[in-house]
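Visitor: I'd like a quick tour of this model, please. Could you take my questions one at a time?

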Amino acid sequence: MNKLLLIIIISLSTTFVNAQWQHTNLLYGGYIFSIASDGTNIFAGTDGGVFLSTNNGSSWTAINNGLTNVSVTSLAISGTNIFSGTLGGVFLSSNNGSSWTAINLGLTDTAIYSLAISGTNIFAGTNNGVFLSTNNGSSWSAINNGMVNSHVYSLSINDTNIFAGTWGNGLFLSTNNGSSWTAINNGLPSTYVKSSIVSGTNIFAGIWGGVFLSTNNGSSWSGVNNGLTSIDIRSLAISGTNIFAGSWNQGVFLSSNDGSSWTNVNNGLTSTTIISLAISGTSIFAGTYGSGIYKRTLSELTSIESIENKNNIIVFPNPTTGKINVQCSINNTQFYSMEIFNVLGERIYKPTNSPMTIDISKQPKGIYFVKIYVKDKIYTEIIVKQ
């Protein structure tokens, strides 16, 4: 069995060492402002219109029939409807992008930078605040009570809460469908917000200044930038417990502990200016400023990337039939946190303390990754459950 385990570990190590971002075959290859997916369909909004891939990014087709403005800054999908926000208004397609129709009635500003959908409500962020449509885009109304007129670059929704990130006036929150807005900038060192995303009770904001986290619905913010080498965060994406941050000139960063620490995950990226990120199935897609789209399998990143194995982390027995023991003696301290992931990158175990013994007897047989977090470092051990 030891020989088998060695073969498995060598095979896994070889796979993940060679794993890297792959440049997709987006022939246009330009500025990728937005990416959205719907099942097996992946849409890319670029400065040359909308492109569609039906084979996980292996090939792309331009779908611009009816688009009178091809600077597509944002995309949103609701059922069979696809909405494209452009610098010339909002366009709707109900046939998977085969044709587009302008839907701009009531929009007094047609420079659209962000879109978000909540139920039957569609929100559009513009150069002059937010607009709302309650009838599938047939008409729009300005909803800016309490919001300083500014460029709304990001919109994110969590239940009845709407977060609007602006360029120069910080973040705003509405709890009443946009009828009124309140500034929520306590703790933010900068009011230039490019992205925001919600994960459970955590709200993450990507700003000129790094990544900031709020656990109280935006009442206060704290920086979570340990390991980030870029303070210019342009995009955020979440897959389970993993948070990805796309930066200007420094590529993609990954955090698996709510932003407590970040690791650069750029192996294979020849362009590190990332302006959009999206999760589609088991893959993550990164849109660049001028170099098209890259993709990577999530399990590669969440299980292996940027890992340091040290002799002072011992996990045994390995293989195991159920229980494993952990010995951690880094810098003469026993304080650490840990998680266990399966080969798909799904977290299966997260204790509330630092246990010395863990029971995984109820988990299926297979290969697992024990991640141990000590300060700003991540240590991983591959274990086999018999």
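What follows is a short chat about a pocket, a core and some backbone angles.

Guide: Before we start, this is a predicted model, where local features need pLDDT of at least 70, side-chain atom pairs count only at pLDDT 80 or more, and totals for chains, interfaces and linings use all residues. Numbering runs from 1 along each chain as its sequence is written, and side-chain values use heavy atoms, with hydrogens and water left out.

Visitor: How much space lies in the largest pocket?

Guide: On a 1 Å grid over the protein atoms alone, a pocket is an open set of points where a 1.4 Å probe fits, with protein on both sides within 12 Å along at least five of seven lines. Points are joined across faces, edges and corners, and the volume is the space filled by probe spheres set on them. For the largest pocket that comes to about 1200 Å³.

Visitor: Which residues lining the largest pocket are the closest to its centre?

Guide: Lining residues have an atom within 4 Å of a point. There are 38 of them here, and the closest to the centre are Ser 34, Ile 35, Leu 75, Leu 115 and Leu 277.

Visitor: Which residues have the most contacts inside the largest nonpolar core?

Guide: Such a core is a set of buried (under 20% relative accessible area, 1.4 Å probe, protein chains only) Ala, Val, Leu, Ile, Met, Phe, Trp, Tyr and Cys residues joined through side-chain atoms within 4.5 Å. The largest one has 14 residues, and those with the most contacts inside it are Trp 21, Phe 244, Val 252, Leu 277 and Ile 284.

Visitor: What is omega for the cis peptide bond that joins Phe 316 and Pro 317?

Guide: Most peptide bonds are trans. Pro 317 lies in the loop between strand S29 (313-316) and strand S30 (323-328), strands being DSSP runs of E with at least two residues, numbered from the N terminus. For the cis bond from Phe 316 to Pro 317, omega is about -5°.

Visitor: And what is omega for the bond from Asn 318 to Pro 319?

Guide: Pro 319 is also found in the loop between S29 and S30. The bond from Asn 318 to Pro 319 is cis, with omega near 10°.

Visitor: Is Asp 159 buried or exposed?

Guide: Asp 159 lies in the loop between S14 and strand S15 (161-166), and its phi is positive, near 55°. Exposed means over 50% relative accessible area. Asp 159 has 67% relative accessibility, so it counts as exposed.

Definitions and conventions: Helix = DSSP H or I, 4+ residues; strand = E, 2+ residues; numbered from the N terminus.
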